[in-house]
Amino acid sequence: MTRRLISTGSPFEKVAGYSRAVVDGGFVFVSGTTGYDYASMSMPEDAETQARNAFATIEKALAEAGATFEDVVQTRYYLVDPADADALFRVTGSIFGEIRPANTLIVCALLKPEMKLEVEVLAKLPA
């Protein structure tokens, strides 16, 4: 299998020199994804909507790679304010409740003040 780069068309990908996802060796590595609404290039104010937007972007990248959320084996969540954890978990629980990938949650600063969270996933392509 050859390495394949997946782009969502975000201007950030070109500026920062990264791909939304890379397919390599039977895995899909999805870059950290924030809650931007790429149609309007706006960031919602609340963490739950940001999480839903991030997962919509991730779902599209996984689909282009030939995977789904069911193929996700690991997630990493970067959260600015621990008070937003419940909002994030409402979204992640609805997506991964039965899938239950390995998970890490990191509380940290993100690049821009409007960013409340960032999500990164690793998926194994179906056989």
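The largest pocket of the predicted model has a volume of about 240 Å³, and its lining is made up of 14 residues. Among these, Phe12, Tyr18, Thr34, Leu111 and Met115 are the residues that lie nearest the centre of the pocket. Two elements, helix H1 (11–16) and strand S3 (27–33), each give two or more residues to this lining, and H1 gives the most, with three residues. In composition, the lining of the largest pocket divides into eight nonpolar, three polar and three charged residues.

The second largest pocket holds about 190 Å³ of space and is lined by 13 residues, of which Thr8, Tyr38, Ala56, Thr57 and Lys60 lie nearest its centre. Here the most is given by helix H2 (residues 47–65), which supplies six residues to the lining. The lining of the second largest pocket comprises six nonpolar, four polar and three charged residues.

Threonine 34, which is one of the residues nearest the centre of the largest pocket, is placed in the loop between S3 and H2. Its relative accessibility is 8%, and threonine 34 therefore counts as buried, the cut-off for that class being under 20%. When residues up to four places away in sequence are set aside, threonine 34 is in contact with Met43, Ala54, Met115, Leu117 and Glu118; of these partners, Met115 is itself listed among the residues nearest the centre of the largest pocket.

The loop between S3 and H2 also contains methionine 41, a residue other than glycine whose phi is positive, near 50 degrees. With a relative accessible area of 36%, methionine 41 is classed as partly exposed, because this class covers the range between the limit of under 20% for buried residues and that of over 50% for exposed ones.

Strand S4 (residues 72–79) and strand S5 (residues 102–107) run parallel and are joined by six bridges. Within this pairing, tyrosine 78 stands opposite isoleucine 106 in S5.

The relative accessible area of threonine 92 is 8%, so the residue is assigned to the buried class. Contacts of threonine 92, not counting residues up to four places away in sequence, are made with Phe55, Tyr77 and Gly97. The C-alpha atom of threonine 92 is separated by 15 Å from that of isoleucine 106, a residue 14 residues apart from threonine 92 along the chain; isoleucine 106 is also the residue that stands opposite tyrosine 78.

Arginine 100 is situated in the loop between H3 and S5, and its phi, near 50 degrees, is a positive value in a residue other than glycine. Arginine 100 has a relative accessibility of 69% and therefore counts as exposed, a class that requires a value over 50%.

Terms used. Residues numbered from 1 in each chain as written. Predicted model: local features only at pLDDT ≥ 70, side-chain atom pairs only at ≥ 80, totals over all residues. Heavy atoms only, no water. 1 Å grid on protein atoms, 1.4 Å probe; cavity = no way out; pocket = protein on both sides within 12 Å on 5 of 7 lines; lining within 4 Å. Points joined across faces, edges and corners; volume = space filled by probe spheres on them. Helix = DSSP H or I, 4+ residues; strand = E, 2+ residues; numbered from the N terminus. Nonpolar A, V, L, I, M, F, W, Y, C, P; charged D, E, K, R; others polar. Buried < 20%, exposed > 50% of the residue type's maximum accessible area, 1.4 Å probe, protein only. Contact = heavy atoms within 4.5 Å. Pairing = 2+ DSSP bridges.
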